[in-house]
Amino acid sequence: MTMRLGSDKFNDECGIFGIYGHPEAANLTYLGLYALQHRGQEGAGIVSSDGVHHFHEKAMGLVSDIFSSDVLKRLPGDMAIGHNRYSTTGGSHTKNLQPITVNYALGSLALSHNGNLINSKLIRDELEAYGSIFQSTNDSEVIVHLIALSREKNLIDRIIDAVSKIKGSYSLLILTEKELIAMRDPWGIRPLSLGRLDGAYVLASETCALDLIEAKFVRDIEPGEIVIINEKGLESHHPFPHTRSALCIFEYIYFSRPDSYVFGRSVNTIRKAFGRKLAQENPVDADVVIPVPDSGVPAALGYSEQSGIPYENGLIRNHYVGRTFIEPQQSIRHFGVKIKLNPVKDALAGKRVVVVDDSIVRGTTSRKIVKMIRNTGAKEVHMRISSPPIFFPCFYGIDTPTRQELIASNHTIDEIKKYITADSLGYLSTEGMLSIVPDSQNRFCTACFEGEYPIPFTKEEVIQLGLFEDWVKGSLQR
């Protein structure tokens, strides 16, 4: 039986990478996407330009499987953008891969988008009513149509006109034949960093991609900023009214690689601090602290440091698991988890174990992990989570279950503890989490914990998204 390898985690929609002014633009974009593979594993694409024409290659699968040396030779030019996809809007099909490429009145254009538009269905329905023909089902194509249909005379004004009509999160890279344009939404929900390499400009979702190609980090693209890079250099615009930031706190909790600097801070340092705070708020008498690898490792180290309980690698992760697997005819208990994780019996048998993970979404994986650890002979299993309980789904570029599927939205912590069969369960408090991040009250989106969405919904969007007004709380635009 062939099974899709599911995940009881939030998933970010994608990673984006771009470079201007380097003779190996496509090769470096390939490496950048390789470093950002954790942000999307369904498919990838690269579009390059030689100053006259666009060249594009995209396919389903992992970056290393798609871009052979022969494929990369078909991507000439000194500028390129790339995209790793994990679908939130639109299905898993080749037609939904990015960068999106189009020809329009001003020439040709390619676009890579990290984020999610909450009003894309409304705009799409309106555009189709006036005759627009869409080639994909992802929301990013809406942006391309709005740019092409704008009556503004130059591209920058067309982009500003287009994004003024959309709502949601977007870090964008746009490649014309002769220039590279980058921008973030006014709330800065998704990250985007700027770097330099041998005179070239580089843009990436995370700084780990800059590190791999030995580019120097310069700064983050600011919320609401548009950057134009061409033969004249770099030009910055701030065309939108200033609003409060709403940076995604889950970039620190789970999405970003720990070796990245995101929103100006080290992800690894913040995750360890989450773990230390978690130990202060939820102490327990135990013999060993273990992480759920890989994302739980920094928080587990922090928990161990603060509590004085020894750290062990009690669960070993198989890093070579694909998207599907063949399940044997004779059913194996907890097969989906066991193919990813295997317990180290000597480290756990007879021990009181603290298991540190970054989040609980549905609870199904945590339940299997606890039972797997008990089967090694552990005396007690205490689950500690380095984020608050998740009550609400996200609409800003994260693949989240419905509210009904989020276990914390309809169960108490004690009920969750019983469901996952742990001896105790403790979450990091929202206050504790925000105390780790400077100016957090004014900078970060915590809608998945508190239900206060920073971008207001209209009643039409509530209907389109299948929401209920009673839990959109103060985020409904009257």
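Predicted model: local features only at pLDDT ≥ 70, side-chain atom pairs only at ≥ 80, totals over all residues.
Visitor: Which residues is Val292 in contact with, leaving aside its neighbours within four places in sequence?

Guide: With those neighbours left aside, Val292 is in contact with Val297, Leu315, Leu341, Val355, Val356, Asp357 and Ile369.

Visitor: Where does Val292 lie?

Guide: Val292 is in the loop that runs between strand S19 (288–291) and helix H10 (297–307).

Visitor: Is Val292 buried or exposed?

Guide: Val292 has a relative accessible area of 6%. Buried means under 20%, so Val292 counts as buried.

Visitor: How far apart are the C-alpha atoms of Val292 and Gly314?

Guide: A distance of 8.5 Å separates these C-alpha atoms, while Val292 and Gly314 are 22 residues apart along the chain.

Visitor: Moving into H10, what about Ser304 in that helix: buried or exposed?

Guide: Ser304, which lies in helix H10, is buried, and its relative accessible area is 12%. Apart from neighbours within four places in sequence, Ser304 contacts Val289, Ile309, Pro310 and Tyr311.

Visitor: A change of topic: how are H5 and H6 packed?

Guide: Helix H5 (residues 140–149) and helix H6 (residues 155–163) pack at an angle of about 125°, and their axes are 8 Å apart. The angle makes H5 oblique to H6. Their crossing is right-handed.

Visitor: Which residues make that contact?

Guide: From H5, the contact involves Ile143, Leu146, Ile147 and Ala148; from H6, it involves Leu155, Arg158, Ile159 and Ala162. Sorted by class, the contact of H5 with H6 has 7 nonpolar, no polar and 1 charged residues.

Visitor: And H9, what should its 15 residues span?

Guide: At 1.5 Å a residue, helix H9 (residues 267–281) should span 21 Å. The end C-alpha atoms of H9 are 21 Å apart, which agrees.

Visitor: Which residues in H9 are buried?

Guide: In H9, the buried residues are Val267, Ile270, Arg271, Ala273, Phe274, Gly275, Leu278 and Ala279.

Visitor: Finally, the whole chain: how many helices and strands?

Guide: The chain has 18 helices and 27 strands. Of its 478 residues, 58% count as buried.

Visitor: And what share of the contacts between residues at least 6 apart in sequence join residues at least 24 apart?

Guide: Among those contacts, the share joining residues at least 24 apart is 69%.

Terms used
Residues numbered from 1 in each chain as written. Heavy atoms only, no water. Helix = DSSP H or I, 4+ residues; strand = E, 2+ residues; numbered from the N terminus. Buried < 20%, exposed > 50% of the residue type's maximum accessible area, 1.4 Å probe, protein only. Contact = heavy atoms within 4.5 Å. Expected span 1.5 Å × (residues − 1). Axes fitted to C-alpha atoms, helices over the stretch in contact; angles between N-to-C directions. Parallel < 35°, antiparallel > 145°, perpendicular 65-115°, else oblique. Left-handed = near helix turned anticlockwise from the far one by under 90°. Nonpolar A, V, L, I, M, F, W, Y, C, P; charged D, E, K, R; others polar.
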